[in-house]
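Welcome! Take a moment to look over the chain below, and then we can walk through a few of its parts together.

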Amino acid sequence: MAATATHGMSMTALRRSVASRSPAVKSGVLGLVVKETSWNSLRSSSCVSSREPLMPSLSVSRGSSVKGVTRAMSAAADKRTLPGLPVDLRGKRAFIAGVADDNGYGWAIAKSLAAAGAEILVGTWVPALNIFETSLRRGKFDETRVLPDGSLMEIAKVYPLDAVYDNPAEVPEDVKTNKRYSGSSKWTVQEVAESVKEDFGTIDILVHSLANGPEVHKPLLETSRNGYLAAVSASSYSFISLLKHFLPIMNPEGATISLTYIASEKIIPGYGGGMSSAKSALESDTRVLAFEAGRKHNVRVNTISAGPLRSRAAKAIGFIDMMIDYSLVNAPLQKELSAEEVGNAAAFLCSPLASAITGSVIYVDNGLNAMGVGVDSPTFVGLDIPKQK
């Protein structure tokens, strides 16, 4: 709900060695014979399957590439042709900004992209970096790293990131000397983009899973100017900054995704501090950036309006459980939204199957956005309201 964050898509993973990848190597479909037909370019071995037991853990260290290699299927399975229109992201590289734990939308999107074959890079908020990397190394995320075929999601590299700052010159002295930032370097947006270029050359997918409103508990009339501007800076302008600095290293026909919320267009009491305004700005920017990035770089720009999720960030707002209960009672689909459903929607939007979709707000909220009234209102007592069995 605060724009952080399981169906699965099994995939045919590539045999990669991230550590030996040259910065000059550009993304391509490795080990895959591509015929000159659009149908075969979309074909993969994606399918829905149950989870298998955990695979051995891999370790991730700051500034170093992951050594472990995960193959999702056997070589024989590589050659099988499955019917349908699978999501195939083999040979693509994704940078997901805003992954700091394993229970938010950012993590779920990373998993779905990995399940479809993409190589995963993540940017983690600097103060949360040590905890995140330690949890990865110690295997605390292994259960949630499991992909539909039983292998573990591979994270090629974790970058420190604070998307509130575009370049080193903008970082205040009190932040530079803050002990939570000690030991980390090159974490502004410009520096991270430069580091990714140096390490990997190019990317194909950019995901913005960032939001922060220091005064989110305050009604808008009680929000300070600094609090309001901080919410817009961290939650919407950060996407503009990321796209500005990463576009030069994005391959043509790339895709970007951000996360928004229904408070951008409907009144959600309690979602204050300028956060509703920030989400409105993000959606407006999505349309403008779709035009600019599409014309200049042939890159698509979309945003997902996700329903409420019991993520760690959303719990900090204080009323997430009430919003989930409200959705269960009032949405057309009476079920709790899973992070994986948002992740799978993102994978589709980043795939060739969505090649004509850009500048759009895609609702993944069990249809709650379509409702004009809450059917649990006493006003409707006595009416025959359909209920899911």
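## A covered threonine

Thr124 has a relative accessibility of 0%, and because buried means under 20%, Thr124 counts as buried. This is a predicted model, so please read each detail here as a feature of that prediction. You can find Thr124 in strand E2, which covers residues 119-125.

Which residues does Thr124 touch, not counting residues up to four places away in sequence? They are Val99, Ala100, Leu129, Phe132, Val158, Tyr159, Pro160 and Leu161.

## The chain as a whole

Stepping back, the chain has 389 residues, and 53% of them count as buried. Its accessible surface is about 17900 Å², with 56% of that belonging to carbon and sulfur atoms.

## Helix H7 and its partner H8

Helix H7 packs with two helices described here, and we can begin with H8 (residues 275-297). The axes of H7 and H8 come within 9 Å and cross at roughly 20°. Angles under 35 degrees count as roughly parallel, and H7 and H8 are therefore roughly parallel to each other. The crossing of H7 past H8 is right-handed.

On the H7 side, the contact is made by Tyr228, Ala231, Val232, Ser235, Ser236, Phe239, Ile240 and Leu243. H8 brings Met275, Ser277, Ala278, Ala281, Leu282, Asp285, Leu289 and Ala293. By class, the residues of this contact are twelve nonpolar, three polar and one charged.

## Helix H7 and its partner H6

H7 (residues 225-246) also packs with H6 (residues 189-200), at an angle of about 35° and with the axes 9 Å apart. Is this crossing left-handed or right-handed? H6 and H7 cross in a right-handed way.

From H6, the residues Val189, Gln190, Val192, Ala193 and Val196 take part, and they meet Ser241, Leu242, His245 and Phe246 of H7. Six of the residues in this contact are nonpolar and three are polar, with no charged residues.

## A mostly covered helix

How many of the eleven residues of helix H11 are buried? In H11 (residues 339-349), the count is ten, and the helix is mostly covered. Among the buried ones are Glu340, Glu341 and Asn344, along with Ala345, Ala346 and Ala347.

What covers these buried residues of H11 includes helix H3 (105-115). Three strands are also part of that cover: E5 (250-260), E6 (300-306) and E7 (361-364).

Key:
Residues are numbered from 1 along each chain as its sequence is written. This is a predicted model: local features need pLDDT of at least 70, side-chain atom pairs count only at pLDDT 80 or more; totals for chains, interfaces and linings use all residues. Side-chain values use heavy atoms; hydrogens and water are left out. Axes are lines fitted to C-alpha atoms, for helices over the stretch in contact, and angles run from 0 to 180 degrees between N-to-C directions. Helices (H or I, at least four residues) and strands (E, at least two) are DSSP runs, numbered from the N terminus. A crossing is left-handed if the near helix is turned anticlockwise from the far one by less than a right angle, and right-handed if clockwise. Contact means heavy atoms within 4.5 Å. Ala, Val, Leu, Ile, Met, Phe, Trp, Tyr, Cys and Pro count as nonpolar, Asp, Glu, Lys and Arg as charged, and the others, Gly among them, as polar. Buried means under 20% relative accessible area, exposed over 50%, partly exposed in between (1.4 Å probe, protein chains only). Accessible areas come from the Shrake-Rupley method with a 1.4 Å probe; for residues, only the protein chains shown count as cover. Angles under 35 degrees count as roughly parallel, over 145 as roughly antiparallel, 65 to 115 as roughly perpendicular and the rest as oblique.
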